[in-house]
Amino acid sequence: MVGMEGTGCGALLRELQQIWTEVGESEGEKSKVLSEIERECLEVYRRKVDNANRTRVQLHQSVATKEAEVALLMATLGEHKLYLKKDKNYVSLREQLAAVAPVLDNLKCKKEERIKQYYDIQSQIEKIRSELSEPNDQGDNTNSTAAYEHDLSTRRLNSLQAQLRALQKDKSDRLQRVLEYVNEVHSLCGVLGIDFGKTVNGVHPSLHQNVVGQSRNISNSTLEGLASTISKLKAERKSRIDKMRDTMESLCQLWKIMDSSEEEKRQFSKVISILITPEEGITSSGVLSQETIEKMEAEVERLTELKTSRLKEIVLKRRTELEDICKNAHIEPDLSTAPEQTNTLIDSGTIDPSELLANIESQILKAKEESLSRKDIMDRINKWIAACDEEAWLEEYNQDSKRYSSGRGAHVNLKRAEKARILVTKIPAMVETLINQTFAWENARNKPFLYDGGRLVSVLEEYRLNRFQKEEEKRRYRDQKKLESILLAEKEAMFGSKPSPKRTTSMTRKANGYRSNGSSNGLMTPTPRRSSLGSATPELSTPRSYSSRYNRYFGDSRRLSVSQLNFGDDSLSTFTSISGSEPESPSMG
């Protein structure tokens, strides 16, 4: 009561005591009333304290509940720095409650937002998984949301996002692979002439049927089915290419045998150009279709039937071709396939015309190969023959008494004669080189080099021997002429008479059997200063047997044979052209 004296209660107590004094209340009664008053005040205080205590407990519970909820949300969301507890010794419960309430509201909003994100991502994941899964493989997606409500952390969200990106990439890769497979199937079906829609429908209908709202199936079974289909189509393509190549090979052989026109070949020109390209490069639509193969087989069958009736004519044509090749190469064709024998064999049915034709083709191939190996020697033979032609022309030119006349073309003949004399001096070296090269050819192939049936080396050796013999006769003739000149000079010195040049020349010609020049009355006195090889006599064995005789022989059959070379008798008349091979130049006066 002491504490109440300075308050409103104390004033009331003084007023009550004053009243008791005036009334004369006893001390006992006063004590009793004061005790009741004190008891009633304590009950009021107790009720207030209890009420305040209950309020405090409720506040403690509210703060603890909200803090626990905040802690749970923070753990669920993986947040650790959003809310910091304040020191309770310095902050009231209401302040604590006021501080935690907005944090809790913020976390709840964030949770709802995070759940929505999780749901969207999970929905996309489940959708892609369903697209990638097999049609009969239905996964259990119940309580999928409850599975991640206890873990809404950013780490978990990032993990799901990474999983979604991986699935999206897998889906994109699969779609790309499916598109590539479908395009390849479409290309192969076009090349092979196969129905594309029916082929891909056998793998999965969604690959060809464009249904609104239905995406293409990209499951493993679809990819495997497309890969298997492509493998089968490629195997079919290879099989058809091999078959068409075999058919085309037979067709080309028949075209060559039958000498088919370009018009007949043109209908298969596209197929020919396609078959020489790699398999992967064949993209033309329908080029490997079954219809094309059947068309080629029908053409082969038609030409095969036609070939039987024309084979005899074809054999004769190929034999003529063989003879032309042998004639140009101056080699003898094989007599086993001569037209007389082949016609008899075909008519009697003794031999299969196809085998005979193959034999002739083989002979043509061998003849071409041998002709190619003889080319260098044949070129040298032609040069030798040309040099001998020039030698024969030079002989005729030197026998012409009017060769230095001022007629038309005389200077051209003079230049040609000078070139011919130079060329004739090279004939021995040409023959020597030709012999050595021919020996090398024979040693390399272990067989003789035949020229129109005769061995070339024998002809060249005989030509070289006869040329040497004629050179020796020229030398002896020059020595004889020199001796005659000495004897004539001595005779003139003894008798003092000098016969006329015309008479001497005439006598010499009659004594030695010289042939008179038809264009003049006599022959010029020989000048043995330079002896030209172009003055070789008709007796000298040359490849073109000295002018007209050789030209007749090689102009007709081009045969070069020792047995056919006609060497003349040794006589002094042979050297008529020797003395005139290089006469004195005419005077310029």
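## The second largest pocket

Helix 12 supplies six residues to the lining of the second largest pocket, the largest share. This is a predicted model, in which local features need pLDDT of at least 70 and side-chain atom pairs count only at pLDDT 80 or more, while totals for chains, interfaces and linings use all residues. Residues are numbered from 1 along each chain as its sequence is written, and side-chain values use heavy atoms, with hydrogens and water left out.

The pocket's volume is about 300 Å³. A pocket here is an open set of points on a 1 Å grid over the protein atoms alone where a 1.4 Å probe fits, with protein on both sides within 12 Å along at least five of seven lines; lining residues have an atom within 4 Å of a point. Of the 17 lining residues, I331, E332, P333, D334 and E370 are closest to the centre. Two or more residues each come from helix 10 (290-329) and helix 12 (353-373); helices are DSSP runs of H or I with at least four residues, numbered from the N terminus. By class, the lining holds eight nonpolar, three polar and six charged residues.

## Helix 1 against helix 2

Helix 1 (residues 8-23) packs on helix 2 (residues 27-77) at an angle of about 155 degrees, and their axes are 12 Å apart. Helix 1 is therefore roughly antiparallel to helix 2, a term for angles over 145 degrees. The crossing is right-handed.

On the helix 1 side, L13, L16, W20 and T21 make the contact, meeting K30, V33, L34 and I37 of helix 2; contact means heavy atoms within 4.5 Å. These residues divide into six nonpolar, one polar and one charged.

How values were computed: Points joined across faces, edges and corners; volume = space filled by probe spheres on them. Nonpolar A, V, L, I, M, F, W, Y, C, P; charged D, E, K, R; others polar. Axes fitted to C-alpha atoms, helices over the stretch in contact; angles between N-to-C directions. Parallel < 35°, antiparallel > 145°, perpendicular 65-115°, else oblique. Left-handed = near helix turned anticlockwise from the far one by under 90°.
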